[in-house]
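This briefing is intended for a reader who is new to protein structure. Please keep the model in view while reading the points below.

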Amino acid sequence: MKPISELHDFQREGWDIRYFERVTSTNTLALEAGRQGAPEGLVFIADEQTAGRGRLERRWIAPPGTCLLFSVLFRPGEPFTERAPRLTMLCGMALADAVNTVTGLTPQLKWPNDLIITRAGVWRKVAGMLSEIESASDGALFLVVGIGLNVNVPAAVLPTLAPNATSLLVESGRVIERVALLDAFLQRVEAYRAAWRAGEDPAPLWRHRLAWLGEVVQIHTPTEMASGIAEDVDADGALVLRLADGRQQRFTVGDVSLRV
Ligand code: BT5
């Protein structure tokens with residue numbers, strides 16, 4: 001008989017966690033629930049996605065039963081355009097913290113929404129986040145943050161995900177408990193939100209933890225390619241590059257890599 005996934009029974013107070021063996025995409029499910037008025041704190045988690053999504057219509061690939069694939073529904077409230085990006089930032093920090101607590105590894109945040117691990121001067125992607133904003137029929141905006149974290153993916157399988165993919169198994173050399181990671185993530189989200197309510201803006205914390213600020217990077221967007229010094233990120237999370245001709249340019253989408 002097929003064993004029941006260890007994720008099946010996981011719950012944490014304050015969250016409504018719904019487990020599925022296989023879905024199209026946990027983000028798609030959470031967006032649908034949000035449109036129908038589901039409250040904040042809903043978490044969809046799956047062992048397998050048949051149509052996992054990245055940004056810009058790209059695919060997210062994960063071998064069944066080995067990764068954390070989940071989406072969280074947030075209702076940030078007003079001012080929405082200020083709060084929504086900060087929730088995404090806070091989730092990135094919470095994910096990095098959770099990985100650190102459970103594995104001892106120290107992943108970095110890579111703009112806009114990746115988690116990377118650098119070893120021997122080479123960076124590899126261990127997780128990606130897909131943040132999507134939608135409005136319900138009553139016009140109320142909500143946010144879905146979807147996370148794909150490569151947990152127990154063996155080295156031999158990594159090249160089938162992406163050329164620069166890595167996993168916690170490969171980086172730490174041991175099998176990592178997915179439930180412990182999810183629990184630690186939700187606990188850190190709670191902590192960052194409590195601190196935010198008490199006046200600590202997550203945006204400067206996130207900026208402080210971003211990899212590559214001050215370094216020369218290359219950015220590919222759907223329409224252009226540019227390179228320059230990654231000078232800053234603004235309050236909404238956009239990347240500010242100092243181009244070779246001295247001009248500053250702000251980017252809201254794109255893929256960044258270190259210029260070699
Ligand atoms: C992301 O997009 O990194 C966001 C990924 C979000 C996935 C989660 S899983 C739960 C939830 N439900 C969903 O349907 N999605 C979210 P982006 O920055 O566009 O990166 C996508 C690119 O990463 C792909 O084009 C591949 O090159 C690479 N990639 C795909 N799968 C990967 C993996 N498992 N590990 C590392 N890289 C991967």
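Which residue in β6 does I116 stand opposite? I116 stands opposite K125 in β6. The structure is a predicted model, and its chain is divided into domain 1, covering 16–208, and domain 2, covering 216–258.

- The strands β5 and β6 (residues 122–135) pair in the antiparallel sense, with 6 bridges. Within this pairing, T118 has W123 in β6 as its bridge partner.

- The strands β4 and β5 run antiparallel and are joined by 3 bridges. K110 has D114 in β5 as its bridge partner.
- A hairpin is formed by β4 and β5, with 3 residues between them.
- The hairpin of β5 and β6 has 2 residues between the strands. In this hairpin, A120 takes a positive phi near 50°.

**The sheet of 5 strands**

- A second open sheet has 5 strands in the order β11-β10-β9-β8-β12, with antiparallel pairing.
- Its edge strands are β11 (248–251) and β12 (255–258), each of which pairs on one side only.
- From one strand to the next, the twist averages 45°.
- Strand β10 (residues 239–243) runs antiparallel to β11, and 4 bridges join the two. Here L239 stands opposite F251 in β11.

**Where the two domains meet**

- The centres of domain 1 and domain 2, taken over C-alpha atoms, are 23 Å apart.
- In the contact between the domains, 14 residues of domain 1 meet 17 residues of domain 2.
- The size of an interface is often expressed as the accessible area that is lost when the parts come together.
- Domain 1 and domain 2 bury about 1100 Å² between them, with 55% of this area on carbon and sulfur atoms. On the side of domain 1, L56, W111 and R207 lose the most area to domain 2, and together they account for 50% of what that side buries.
- Between domain 1 and domain 2 there are 3 salt bridges. Across the same interface, 7 residue pairs are in polar contact.
- Two elements, α2 (80–103) and α5 (202–209), each give two or more residues to the side of domain 1 that touches domain 2. Of the elements on that side, α2 gives the most, with 4 residues.

**Salt bridges**

- The whole structure contains 23 salt bridges.
- D255 forms a salt bridge with R58, and their closest N and O atoms are 2.7 Å apart.
- Another salt bridge joins E32 and R35, with the closest N and O atoms 2.9 Å apart. E32 and R35 lie 3 residues apart in helix α1 (residues 26–35), which means that about one helical turn separates them.

**Backbone details**

- Most residues other than glycine have a negative phi, and most peptide bonds are trans.
- The peptide bond from E78 to P79 is cis, with omega near -10°. P79 is placed in the loop between β3 (68–74) and α2.
- The peptide bond from W111 to P112 is also cis, with omega near 0°. P112 is found in the loop between β4 (108–110) and β5 (114–119).
- E57 is found in the loop between β2 (42–49) and β3.

Technical notes. Residues are numbered from 1 along each chain as its sequence is written. This is a predicted model: local features need pLDDT of at least 70, side-chain atom pairs count only at pLDDT 80 or more; totals for chains, interfaces and linings use all residues. Side-chain values use heavy atoms; hydrogens and water are left out. Two strands pair if DSSP finds at least two bridges between them. Axes are lines fitted to C-alpha atoms, for helices over the stretch in contact, and angles run from 0 to 180 degrees between N-to-C directions. Domain bounds come from an automatic or database domain assignment. Contact means heavy atoms within 4.5 Å. Buried area is the accessible area (1.4 Å probe) that two parts lose on being put together, summed over both. A salt bridge is a side-chain nitrogen of Lys or Arg within 4 Å of a carboxyl oxygen of Asp or Glu. A polar contact is a pair of N or O atoms within 3.5 Å; within protein, one must be able to donate a hydrogen and the other to accept it, and residues adjacent in sequence count only if both atoms are side-chain atoms.
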